[in-house]
Amino acid sequence: MKDKDLSLFLMLGQTAQNAVSKLPDTVPPQHLMMSDKEDLALVLPNEVRRATKAAETYRLFFVFENFIRDFVLDTLSQVDPVNWWDKVPPDVQKEVQDLEATEHQKQWMALDSRSKLALTTLPQLLKIMDDNANWKDIFKDLVRDKFLIQEGRSVSHLRNTICHMSDIPDEETDRVKQVMRDWFRVVSP
């Protein structure tokens with residue numbers, strides 16, 4: 001076989017393989033093992049493909065939200081190591097107290113006890129920073145631009161979307177990446 005014929009054959013084969021791999025009932029290359037022997041990719045290929053795609057956005061939020069959580073905790077703890085929780089707006093404190101009250105109902109789950117700040121969400125963390133006194137006295141010199149907080153809010157609805165097992169368009173995943181890049185340029189990890 002001549003080189004140009006072989007190249008054409010390989011290119012057509014790759015094109016066909018890519019087209020077939022996108023069909024909803026084609027088993028994806030990613031496995032999702034439910035046990036040692038049960039691969040959900042074999043029985044629910046479309047759902048596993050969607051989950052694999054959604055996992056990237058989830059991972060981005062996992063990193064971003066935990067970075068912001070650590071940033072808020074470290075910053076508030078430097079200002080007041082003992083009573084840092086008092087700097088959290090009362091409505092956020094109340095929401096966290098309500099969550100803490102239901103934690104005992106989940107004793108059957110293998111969860112470690114979680115700190116108050118571990119129960120906060122990205123929107124609540126942004127609210128802690130944006131609180132008038134906190135912004136002026138604590139976060140303004142570190143974050144420098146409230147637009148970053150607005151950007152964080154602009155993608156926080158996507159956090160709920162991904163946590164409620166919905167698909168996220170690539171454009172929105174790109175938006176999350178951009179917000180993270182903007183934050184990390186100013187408040188570097």
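Is Lys116 buried, exposed or partly exposed, and why does it count as such?

Modeller: The model is a predicted one, and in it Lys116 counts as partly exposed because its relative accessibility is 30%, where the class runs between the limits of 20% and 50%. Lys116 forms a salt bridge with Glu100, and the closest N and O atoms of the two are 3.3 Å apart. Glu100 belongs to helix 4 (residues 90–103), whereas Lys116 sits in the loop between helix 4 and helix 5 (122–130), so the pair ties together parts that are 16 residues apart in sequence. Glu100 likewise counts as partly exposed, here because its relative accessibility is 28%.

This pair can be set beside others, as the structure holds 13 salt bridges. One of them joins the side chains of Arg159 and Glu65, at 2.4 Å from N to O. Since Arg159 lies in helix 7 and Glu65 in helix 3, that pair ties together parts that are 94 residues apart in sequence.

Asp182 is buried, with a relative accessible area of 15%, while Arg185 counts as exposed at 57% relative accessibility.

Helix 3 and helix 7 also come together around the second largest pocket, where each supplies at least two residues of the lining. That pocket holds about 250 Å³ of space, and helix 3 gives the most to its lining, with seven residues. Among the lining residues are Glu47, Arg50, Tyr58 and Arg59, as well as Ile162, Cys163 and Asp167. Sorted by class, the lining of this pocket has seven nonpolar, one polar and four charged residues.

Away from the charged pairs, Val27, Leu42, Val43 and Leu44 form a nonpolar patch on the surface, and together they have about 370 Å² of accessible area. Val27 lies in the loop between helix 1 (3–21) and helix 2 (40–43), and with a relative accessibility of 40% Val27 counts as partly exposed.

Terms used
Residues are numbered from 1 along each chain as its sequence is written. This is a predicted model: local features need pLDDT of at least 70, side-chain atom pairs count only at pLDDT 80 or more; totals for chains, interfaces and linings use all residues. Side-chain values use heavy atoms; hydrogens and water are left out. Patches are made of residues with over 30% relative accessible area and no salt bridge: like charges are joined within 9 Å, nonpolar side chains (Val, Leu, Ile, Met, Phe, Trp, Tyr) within 5 Å. Accessible areas come from the Shrake-Rupley method with a 1.4 Å probe; for residues, only the protein chains shown count as cover. A salt bridge is a side-chain nitrogen of Lys or Arg within 4 Å of a carboxyl oxygen of Asp or Glu. Helices (H or I, at least four residues) and strands (E, at least two) are DSSP runs, numbered from the N terminus. Buried means under 20% relative accessible area, exposed over 50%, partly exposed in between (1.4 Å probe, protein chains only). On a 1 Å grid over the protein atoms alone, a cavity is a set of points where a 1.4 Å probe fits but cannot get out, and a pocket is an open set with protein on both sides within 12 Å along at least five of seven lines; lining residues have an atom within 4 Å of a point. Grid points are joined across faces, edges and corners, and a volume is the space filled by probe spheres set on the points. Ala, Val, Leu, Ile, Met, Phe, Trp, Tyr, Cys and Pro count as nonpolar, Asp, Glu, Lys and Arg as charged, and the others, Gly among them, as polar.
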